[in-house]
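This report covers a two-chain structure, going from the fold of one chain to the interface and then to individual residues. The sequence and the structure come first.

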Amino acid sequence: MRKERWTIGRIVLLAAALLVLVVMLVLPLVVVFGEALAKGIGAYFSTFGQRDTLASVRLTFIIALITVPLNLVFGVAAAWCVAKFEFRLKGLLVSLIDIPFSVSPVISGLVYVLMFGLQGWLGPWLQAHGIKIIFALPGMVLATIFVTMPFVARELIPLMEAQGTEEEEAAVVLGANGWRTFWRVTLPNIRWGLLTGVLICNARAMGEFGAVSVVSGHIRGLTNTMPLQIELLYDGYQAQAAFAVASLLALLALVTLVAKALLEAQPVGARDA
Amino acid sequence: MKSNVIPGFGTTLGITLLYIGLVVLIPLSALVIRAAGMGWDAFIMAAFSPRVLAAYRLSFFSALIAATANLFLGLLVAWVLARYTFPGRRLVDAIVDLPFALPTSVAGVALTTLYATHGTMGALFGHLGIKVAYTPLGVIVAMAFIGLPFVVRTVQPVLQDIDAEVEDAAASLGATRFTTFRRVLLPIILPALISGFAMAFARGLGEYGSVIFIAGNFPGVSEIAPLLIVTRLEQFDTAGATAIAAVILAAAFIMLLTINSLQKWHQRRFAAG
């Protein structure tokens, strides 16, 4: 690292960059908490006494509790086969994992309506058997899984590729089976990256709006998640309540970012070795 | 073959393919098949009516302008984060990812309040006679918010990897700082800049949650393409929604292919350099 001198040019660039970040990122955040507390702390907490809002918090947690573990298993499996083996069309597989990143969230919801909706492929059959997927929890879970599928895999693949295969090979040669190798050798090596992936996946699962909105049907107190409840309250001229719910999700985002920064600052020995 | 001692290839590849197939590929193919089965005339009518064309235009140009703005703002932020050490740098670095972690509906209501006539930024722009919220300009503001991290996060690592000696050499040969930037640094970071731009642009094209609140959604004026999908679905016009979605999806995949080839070009340049 060469020595830094604080020339005028540097100070101007630093100030400009900080101004950009404050205006673009910090101000919206300030608005969320400011508006949430605009009518005082009592009004803030009374928002969470409302039945529908509480129900939206509960539904958000339920969806994340189903989605995140499934995407975690997928992410570990995908990272294992991509990072530890060479095979044909691997590049294609990695591109497939990335697909949800480039699909508009609205389309991520729409595809499940086309599969399971009343006018969808399986719609008539599902209705005949009394199974509800669209405008119900299963559809919302599916749409959330679609959107958040790549996060754990994306975090683990580069990490596991960088770690190579020697340690696992040694374990196997010494007689450990696949599970044991994974639990005792691989998992300790990837634990921080895994945790980062899970945190990001969870934040996105709890915050997904577009995809879930399409399949939810917006039934008050039943199929509204927190992001949808924000829309409902905001459009219903209950801005303070909308921002109170938003403040919880903003807090989750901040905690996730701080945790991610701390995990990435783990000493190289603990993280990558 | 990189390794054939480590077990679990078949199992993990199987899980990965099954999951991607069920969650992503089959639902997406439902969309493609439904769109293909519509018949040419019906598809054109639904996907390219004047109102829909206006929405594509708005999404396209707003995403383009927002990504272009992010090209400069993102480079500035990446530069400062990669080159300068200052108190709180880690915190500033962490906040850059906020648009990734903050739910889009939270960003949507916050930006709307901030840029509405009575909001802090809205009042500021109001003095200049510019209306932001509920105009196409608001759409651009939301897309700029959502796209900023893409440019920063692609350019920052490249800037960090550039050897200080390269610049010192240029300077010692008599190059001015600007010439050094233009002739030495810019060619190195250009592929990353273009990748980041393309990712921000693609994200803007499909963005829904953060835009719909601030846009006002006036048909033909500030109505984005993903919103029209939702509108069609609410009118029980599944075919109409499918046609528009097929067009947006095709555009997204063209963008994805472009980004992938850019990244390959990027890697080749680095391998060569």
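In chain A, residues 24 or more positions apart account for 73% of the contacts with a separation of 6 or more, a contact being heavy atoms within 4.5 Å. This is a predicted model, in which local features need pLDDT of at least 70 and side-chain atom pairs count only at pLDDT 80 or more, while totals for chains, interfaces and linings use all residues. Residues are numbered from 1 along each chain as its sequence is written, chains are lettered from A and ligands numbered from 1 in the order in which they are written, and side-chain values use heavy atoms, with hydrogens and water left out.

**Chain A**

The secondary structure of chain A consists of 14 helices and zero strands. Both kinds of element are DSSP runs numbered from the N terminus: helices are H or I with at least four residues, strands are E with at least two. Along the sequence the pattern reads α-α-α-α-α-α-α-α-α-α-α-α-α-α. Taken along the principal axes, the C-alpha atoms of chain A fill a box of roughly 70 × 60 × 30 Å.

Chain A has 273 residues, of which 55% count as buried. Buried means under 20% relative accessible area, exposed over 50%, and partly exposed in between (1.4 Å probe, protein chains only). The accessible surface of chain A is about 12,100 Å², and carbon and sulfur atoms hold 68% of it. Such areas come from the Shrake-Rupley method with a 1.4 Å probe; for residues, only the protein chains shown count as cover.

**The interface of chain A and chain B**

On the side of chain A, 85 residues are in contact with 86 residues of chain B. The two chains bury about 7,700 Å² between them, with 78% of it on carbon and sulfur atoms; buried area is the accessible area (1.4 Å probe) that two parts lose on being put together, summed over both.

The rule finds one salt bridge across this interface, where a salt bridge is a side-chain nitrogen of Lys or Arg within 4 Å of a carboxyl oxygen of Asp or Glu. It joins B:Asp97 and A:Lys260, with the closest N and O atoms 2.8 Å apart. Eleven residue pairs are in polar contact between chain A and chain B, both residues at pLDDT 80 or more. A polar contact is a pair of N or O atoms within 3.5 Å; within protein, one must be able to donate a hydrogen and the other to accept it, and residues adjacent in sequence count only if both atoms are side-chain atoms.

Helix H1 (residues 8-36) of chain A gives the largest share of the side of chain A that touches chain B, 17 residues. By class, that side has 62 nonpolar, eleven polar and twelve charged residues. Ala, Val, Leu, Ile, Met, Phe, Trp, Tyr, Cys and Pro count as nonpolar, Asp, Glu, Lys and Arg as charged, and the others, Gly among them, as polar.

A:Ile99 lies in helix H4 (residues 90-102) of chain A. Leaving aside neighbours within four places in sequence, A:Ile99 is in contact with B:Val24, B:Leu25, B:Leu28 and B:Phe253. A:Ile99 counts as buried because its relative accessibility is 8%.

**Salt bridges**

Side chains of opposite charge can pair when their charged atoms come close. Over all chains the count is twelve salt bridges.

| Pair | N to O distance |
|---|---|
| A:Arg51 and A:Asp52 | 3.9 Å |
| A:Asp98 and A:Arg154 | 2.9 Å |
| B:Arg51 and B:Glu223 | 2.7 Å |

A:Arg51 is exposed at 68% relative accessibility, whereas A:Asp52 is buried at 17%.

The pair of A:Asp98 and A:Arg154 links distant parts of the chain, helix H4 and helix H8 (residues 150-163) of chain A, 56 residues apart. A:Asp98 is buried, with a relative accessible area of 18%, and A:Arg154 is partly exposed at 30%.

In chain B, B:Arg51 lies in helix H3 (residues 50-83) and B:Glu223 in the loop between helix H11 (209-215) and helix H12 (225-234), so the pair ties together parts that are 172 residues apart in sequence. B:Arg51 is partly exposed at 29%, while B:Glu223 is buried at 4%. Salt bridges that share partners also join A:Lys260, A:Glu264, B:Asp93, B:Asp97 and B:Arg153 into one network.
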